[in-house]
Amino acid sequence: MGFKEDFVWGSATAAYQIEGAAFEDGKGLSVWDTCCKRPGFVKHGHTGNVACDHYHRYKEDVKLMKEMGLKAYRMSISWPRILPDGIGKINEKGLDFYDKLVDELLQNGITPYITLFHWDYPQELYKKGGWLNRDSSNWFAEYTKVIVDRLSDRVNHWMTENEPQCYINLGHGEGTHAPGLKLDLSDVLLAGHNSLLGHGKAVQTIRKYSKLDCEIGYAPIGVVSFPDTNSKEDIEAARKATFGFDGPNLWNAAWWIDPAYLGHYPEEGLKAFEKWMPKIGANDMETIHQPVDFLGINVYQGGRVRAGVSGKPEVVELKAGYPETAIKWPVTPEALYWAPKFFYDRYKKPIVITENGMSGLDWVSLDGKVHDPQRIDYLNRYLKEYKRAAEDGVDAKGYFCWSLMDNFEWAEGYGERFGLIHVDYETQKRTIKDSGYWYKQVMETNGENL
Ligand code: FCB
């Protein structure tokens, strides 16, 4: 018992967080390139201009992946590197980079899992209204076709978008992520609806043009609540808190997944957002609801919940001194049991954990190594829970640890280190952390050593 024999073990990154070469070889600007220039937008004025310089060091990085025994690698593609204006003219040099990277991965026996959009939206399209523009889903489909035409003879695992909750809410509502807008809820919902249309059209495009049989998913945050006890009441309260609405809360998972996986917005959500809902086109829900092969969810933490009066979910506050990671996210391994379970029950698609991991206070020790026992413990605890979910009947298909290497953590800059590989940003020296070697054994034994 445990993980299935063909379980996919990997690690994940995103283009803007690692590539650098932000202004090279004809790449266009993304909204992150421009927001990083705004004073105060990113901590310490850090930018992704150089990041891990992966654009120039990808061979070395693939070598490290191989040394770590990675079976699969989740990466994203920089849209403006391929289409500097977001649509229209193709930048061949940009495409060449991904072409070479994919070849390098395959030559080293590593399966690429490609996320089409992980937040670095083309600045030129932003100027046309970005996700607020009704055409934005067609722009996304055009970009998707370019990638699929070029890579689908070798790549057959795709994710359309990463965490719409973040780039729509933080980027368009709270203004703390690019493009840094603080729009009214009605516009945030409109941008969200268009991004869902983008998902649907991207799936259609991949299906239509892929040269290989392929598997397609999506990678929203698996925002989850887990039960305080194993009582039936607490479990149902946690499920309710996970998919239900207690007011107009856009961090909810059902809002972002139900349309794509079930073909409609959740009823409760429609009620909660009634005053702000955009006009939904006659065929929109059909377009959004495309056949998909797996559900990717990013899971770092969950909220503890118990059943209150007549089953109403009640948040159980964490005790003082509760364990938390460097970025101050609580350590809640239960999330990796209950998220796969709840999401599998509801959507009935194989689950891939597309991100999970922690930021730690890691540095290179005097002995030249990076000792990160807390990350080993964190991953161990979470993976044991995921394994338990697999044993309890969840179709658990894969797991991607965030992240392959320390990188540019968006508005937090380089201060947060999530990697299995340490990066010295002054010298670009990479050092596999103890957790990287530990994870190697996990992959080798298919999780038997957990
Ligand atoms: C997720 C993002 C990823 C990274 C991790 C820590 O929200 O998808 O890019 O920033 O958090």
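Predicted model: local features only at pLDDT ≥ 70, side-chain atom pairs only at ≥ 80, totals over all residues.
Local features were taken at pLDDT of at least 70 and side-chain atom pairs at pLDDT 80 or more, while totals for chains, interfaces and linings use all residues. Residues are numbered from 1 along each chain as its sequence is written, and side-chain values use heavy atoms, with hydrogens and water left out.

Eight strands make up an open sheet with parallel pairing, in the order S5-S4-S3-S2-S1-S11-S10-S7; strands (E, at least two residues) and helices (H or I, at least four residues) are DSSP runs numbered from the N terminus, and two strands pair if DSSP finds at least two bridges between them. Strand S5 (215-219) and strand S7 (295-298) each have a single partner strand, so one side of each edge strand is left without a neighbour in the sheet. On average, neighbouring strands of this sheet are turned by 25° against each other, direction ignored, where axes are lines fitted to C-alpha atoms, for helices over the stretch in contact, and angles run from 0 to 180 degrees between N-to-C directions. Strand S4 (residues 157-162) runs parallel to S5 and is joined to S5 by four bridges, with Met159 having Gly217 in S5 as its bridge partner.

Helix H9 (residues 185-209) lies across strand S3 (111-117), S4 and S5, at about 165° to S4. Helix H11 (residues 253-262) also packs on the sheet, touching S5 and S7, and its direction makes about 160° with that of S5; contact means heavy atoms within 4.5 Å.

A further open sheet, of three strands with mixed pairing, has the order S6-S8-S9. Its edges are strand S6 (224-227) and strand S9 (313-315), each with a single partner strand, so one side of each is left without a neighbour in the sheet. S6 and strand S8 (residues 302-307) pair in the parallel sense over four bridges, and Pro227 stands opposite Val305 in S8. Helix H10 (residues 232-243) packs on this sheet, touching S6, S8 and S9, with its direction at about 130° to that of S8, whereas helix H14 (residues 335-347) lies across S6 and S8 at about 110° to S6.

By class, the lining of the largest cavity has ten nonpolar, one polar and no charged residues, where Ala, Val, Leu, Ile, Met, Phe, Trp, Tyr, Cys and Pro count as nonpolar, Asp, Glu, Lys and Arg as charged, and the others, Gly among them, as polar.
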